[in-house]
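Please look at the sequence and the structure shown below.

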Amino acid sequence: MGCFDYFKEKLKYKQQRRSTPISATASNHGTSRSTDSGAGKQTSKSSGSSSSQRSIPALFEEKAQHLRVFDLKELRNATNDFSRLLKIGEGGFGSVYKGLIKPFGSKKESTIVAVKKLNQNGLQGHKQWLAEVQFLGVVEHPNLVKLLGYCSEDGERGIQRLLVYEFMPNKSLEDHLFNRAYPCLPWSTRLHIALGAAEGLAYLHEGLEVQVIYRDFKASNVLLDEEFNPKLSDFGLAREGPAEGDTHVSTAVMGTYGYAAPDYVETGHLTSKSDVYSFGVVLFEILTGRRSMERNRPRHEQKLLDWLKQCKSFSKIMDPRLENQYSMKGAKEVAKIAYSCLEKNAKDRPKMSNVVEGLKQAMQFTDLSGPEESMEEFAFTDSDNEKKAEQTSGIESQKRRMLHLAKLNENANAIGMRKFVMMNAANSR
């Protein structure tokens, strides 16, 4: 067994042409606790959303007034008609452009923003757009990207759906971890980003009137501001948590391969612990500097989690770009947290609030000495728990064999006794 074995000790953090208000479009394409198209019903008990609590659309109606409604012409001007030179990103649901917006009814200087223009792919695109507007219109946290406004116009050229966010100048965690054109992220900055992202997820899961499951946590969705504070973006796949009395929400399986929890992929049963699993994958990306999936590597190294199982020393998993400038104790604590997030049984994964506390503890180790000589080449072996499990399994197997032999012997004795009785009865005649 490899490096994973070291971490098997569980942590105890057990419109019309003009822009229209969003409420006008929400009636036909609502975002609620209902399942995705084609999914089954919610089933079976949860600490998630209560039936007495308001849904996201209801909360949005209360808070939507702080969002600005843009018209398409204004956003065209802001982005120089969506110039390729101002394009700063592209995802499955649209392109993102850098733009300049003049404050509404103010003489202040123009503000730099990010404008997301969704692809015109019908109802599904509208649903993703609507989900982002409604969720980001309700949530408010330092580690969630701020939505400034939106545009919704239907014209001769089809539907136009756009979102306007605060601009994040340092792009994404993915860029800084995997793009060699960027300088190496220091150890302290990595922990700072991990902690902030964990706090954002904890807020979604536990800090709102209704639970929100993010459903697409990955390094590319963690944006960084000018001070490298992380903010979660892209809420197009977000869903409300299970209603009272349910353990999960049943949905069509969506997300990103390599980050999605296997239990969710197999069953379509979505819970907050699905986000926790994804967070564990990203934590290992932060430690190793490797993507969750890299097709250009040898086959046995392509999947990050499989590669980790093959490692023979902890220091070997650490990102070589760090050049040993990290705390070995702190790194091991982070790895323990990551492993606990990846537990096969979703119920065994910690809550994000527990993960936050664990990361705060890991940040207390400030030495940057890297691996200790006595531990650098330490080969991790099977954990005590696994050895005990194997021993127990062997003992149980032996017991079953002995019981089986005893039963056979008992049956043989019974047959022999019946024959003896029958012979005596025959002789007595």
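**Strands, cores and spaces**

Strand E1 (residues 68-69) pairs with strand E5 (residues 147-155) in the parallel sense, over 2 bridges. Strands here are DSSP runs of E of at least two residues, helices are runs of H or I of at least four, and both are numbered from the N terminus; two strands pair if DSSP finds at least two bridges between them. This is a predicted model, in which local features need pLDDT of at least 70 and side-chain atom pairs count only at pLDDT 80 or more, while totals for chains, interfaces and linings use all residues. Residues are numbered from 1 along each chain as its sequence is written, and side-chain values use heavy atoms, with hydrogens and water left out.

Val69 has Tyr150 of E5 as its bridge partner. Tyr150 in turn has Leu163 of E6 as a bridge partner. E5 and strand E6 (residues 158-166) run antiparallel and are joined by 8 bridges, and a hairpin connects them through 2 residues.

Next come the nonpolar cores. A nonpolar core is a set of buried Ala, Val, Leu, Ile, Met, Phe, Trp, Tyr and Cys residues joined through side-chain atoms within 4.5 Å, where buried means under 20% relative accessible area with a 1.4 Å probe, protein chains only. The largest core has 85 residues, and those with the most contacts inside it are Leu204, Leu232, Phe279, Phe284 and Leu359. Helix H6 (residues 187-206) gives the largest share of this core, 11 residues. A second, separate core has 12 residues, including Phe70, Phe82, Val115 and Cys151.

The largest cavity holds about 70 Å³ of space. A cavity is a set of points on a 1 Å grid over the protein atoms alone where a 1.4 Å probe fits but cannot get out; a pocket is an open set with protein on both sides within 12 Å along at least five of seven lines, and lining residues have an atom within 4 Å of a point. Grid points are joined across faces, edges and corners, and a volume is the space filled by probe spheres set on the points. The cavity is lined by 14 residues, of which Arg215, Asp216, Ala260, Ser274 and Ser278 are the closest to its centre. Helix H8 (residues 272-288) gives the most to this lining, with 3 residues.

The largest pocket has a volume of about 800 Å³. Of its 31 lining residues, Gly89, Glu90, Val96, Ser220 and Leu223 lie nearest its centre. Strand E2 gives the most to the lining of this pocket, with 4 residues.

Note on methods:
Buried < 20%, exposed > 50% of the residue type's maximum accessible area, 1.4 Å probe, protein only.
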